[in-house]
Amino acid sequence: MDTPNSAVTAAAQRIRLLLMDVDGVLTDGKLYNVPGANGEMVETKGFDSQDGIALQWLNWKGIKTGVISGRVSAATEVRAKQCLMSYVYQGHIEKIPILEDILSHSGIEASDVAYIGDDLTDIVVMNRVGLGIATANGREEVKRAAKMVTVSAGGQGAVREVVEMILKAQGHWEGLLRKYEAVSA
C-alpha cells in the first residue's frame with residue numbers, strides 16, 4: 001500500500017463507520033450461478049478472507065461497518081454476518097436514501113464515514129462522506145472522485161488495505177501486531 005497523503009490520514013483518524021459496495025469491492029465483481037439442491041440456479045460470490053478478518057478488527061475497535069449494494073444475494077448476507085457488519089442494505093441502486101438512513105440511526109456524522117466504491121452509483125455516496133475511496137479496479141470516473149485509490153483490486157485485498165490504513169491512522173495497528181506477535185516493518 002502506498003503511504004496515504006496527510007489529508008487522507010487526517011480523514012482516516014476520524015472514521016467511526018466504514019461502508020462499502022459489494023460487487024467489485026468485497027468481491028472481484030464476478031457473479032457465479034451454480035445449481036442449488038432443488039435444481040434452481042443460485043448466485044454466489046468469492047470473498048477475500050483477509051478482508052473479512054480486517055473488518056472484524058474494526059469491530060473490535062468500535063468502528064462499525066456495512067454494505068450498500070444494488071444486488072440482493074444470500075452470499076452477501078452470510079458474509080456480512082461473518083464479518084460482524086452493523087448495516088446490510090441490498091437491492092438499492094439509489095444509495096443516498098440508505099446513507100441518510102444509516103446516518104440517522106447511527107448518530108454518526110457523514111464526515112466520520114469512509115465509503116469504498118468501484119462504480120458510478122458509488123460516487124454520490126463518496127461525495128457525501130469524509131473519506132471516499134475507490135478500488136484499483138474501479139471505473140476511472142470513480143477514481144477521479146476518490147480521495148484515495150487502493151493499490152489492490154476489489155475482492156483481492158482492497159478492503160484489507162483500507163482497514164489497515166484506518167487502524168494505522170488511529171494508532172491501533174502496532175497493538176494489533178503485538179497481539180499476533182508480528183514484527184512491524
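The model on screen is a predicted one.

**Stop 1: helix 4**

Now select helix 4, residues 96-106. Which of its residues are buried? They are Ile96, Ile98, Leu99, Ile102, Leu103 and Ser106. Look down the axis of helix 4: these buried residues fall within an arc of 160 degrees, so they line one face of the helix. Turn to the face away from the buried side. There you find the exposed residues Ser104 and His105.

What covers the buried residues of helix 4? The cover includes strand 1, strand 4, strand 5, strand 6 and helix 5, residues 120-126.

**Stop 2**

An open sheet is formed by 6 strands, paired in parallel, in the order 5-4-1-6-7-8. Which strands stand at the edges? Strand 5 (87-90) and strand 8 (148-149) do. Each has a single partner strand, so one side of each is left without a neighbour in the sheet.

Keep helix 4 in view. Helix 4 packs on the sheet and touches strand 1 (17-20), strand 4 (64-69), strand 5 and strand 6. Its direction makes about 160 degrees with that of strand 5.

Move along to strand 6 (residues 113-117) and strand 7 (residues 131-134). These two pair in the parallel sense over 4 bridges. Pick alanine 114: its bridge partner in strand 7 is leucine 131.

**Stop 3: the cores**

In soluble globular proteins, nonpolar side chains tend to be buried together. Here the largest nonpolar core has 33 residues. Select Leu18, Met20, Leu55, Leu131 and Ile166, which touch the most other members.

Which elements each supply at least two residues of this core? Helix 1, strand 1, helix 2 (49-60), strand 6, strand 7, helix 7 and helix 8 each do. Helix 7 gives the most, with 7 residues.

Zoom in on methionine 20. Leaving aside residues up to four places away in sequence, methionine 20 touches Val25, Leu26, Leu55, Gly66, Val67, Ile68, Met85, Tyr115, Ile116 and Val159. Another core, of 20 residues, lies apart from the largest one. Its members include Ile68, Tyr89, Leu103 and Val125.

**Stop 4: the aromatic rings**

How many aromatic pairs does a search of the whole structure find? It finds 2. Select tryptophan 57 and tryptophan 173. Their ring centres are 6.1 Å apart and their planes stand at 70 degrees, so the pair is edge-to-face. Tryptophan 57 lies in helix 2 and tryptophan 173 in helix 8, so the pair ties together parts that are 116 residues apart in sequence. Tryptophan 57 and tryptophan 173 are both buried.

With tryptophan 57, tyrosine 180 forms a tilted aromatic pair: 6.0 Å centre to centre, with 40 degrees between the planes. Tyrosine 180 lies in the segment after helix 8 and tryptophan 57 in helix 2, so this pair ties together parts that are 123 residues apart in sequence.

Color these rings by accessibility. Tryptophan 57 has a relative accessible area of 7% and is buried. Tyrosine 180 has 40% and is partly exposed. Trp57, Trp173 and Tyr180 form one aromatic cluster.

**Stop 5**

Go to glutamate 181, in the segment after helix 8 (173-179). Its phi is near 55 degrees, a positive value in a residue other than glycine. Buried or exposed? Glutamate 181 counts as exposed, at 74% relative accessibility.

Then jump to leucine 84, in the loop between helix 3 (74-82) and strand 5. Leucine 84 is also not a glycine, and its phi is positive, near 60 degrees. At 37% relative accessibility, leucine 84 counts as partly exposed.

**Last stop: alanine 7**

Finish in helix 1, residues 6-14, where alanine 7 is found. Alanine 7 counts as exposed, at 55% relative accessibility. Alanine 7 and lysine 147 are 140 residues apart in sequence, yet their C-alpha atoms are 8.3 Å apart in space.

Conventions
Residues are numbered from 1 along each chain as its sequence is written. This is a predicted model: local features need pLDDT of at least 70, side-chain atom pairs count only at pLDDT 80 or more; totals for chains, interfaces and linings use all residues. Side-chain values use heavy atoms; hydrogens and water are left out. Buried means under 20% relative accessible area, exposed over 50%, partly exposed in between (1.4 Å probe, protein chains only). Two strands pair if DSSP finds at least two bridges between them. Contact means heavy atoms within 4.5 Å. Axes are lines fitted to C-alpha atoms, for helices over the stretch in contact, and angles run from 0 to 180 degrees between N-to-C directions. The arc is that of the directions from the helix axis to the C-beta atoms. A nonpolar core is a set of buried Ala, Val, Leu, Ile, Met, Phe, Trp, Tyr and Cys residues joined through side-chain atoms within 4.5 Å. Rings of Phe, Tyr and Trp (its six-membered ring) pair if their centres lie within 6.5 Å; planes under 30 degrees apart count as stacked, over 60 as edge-to-face and the rest as tilted.
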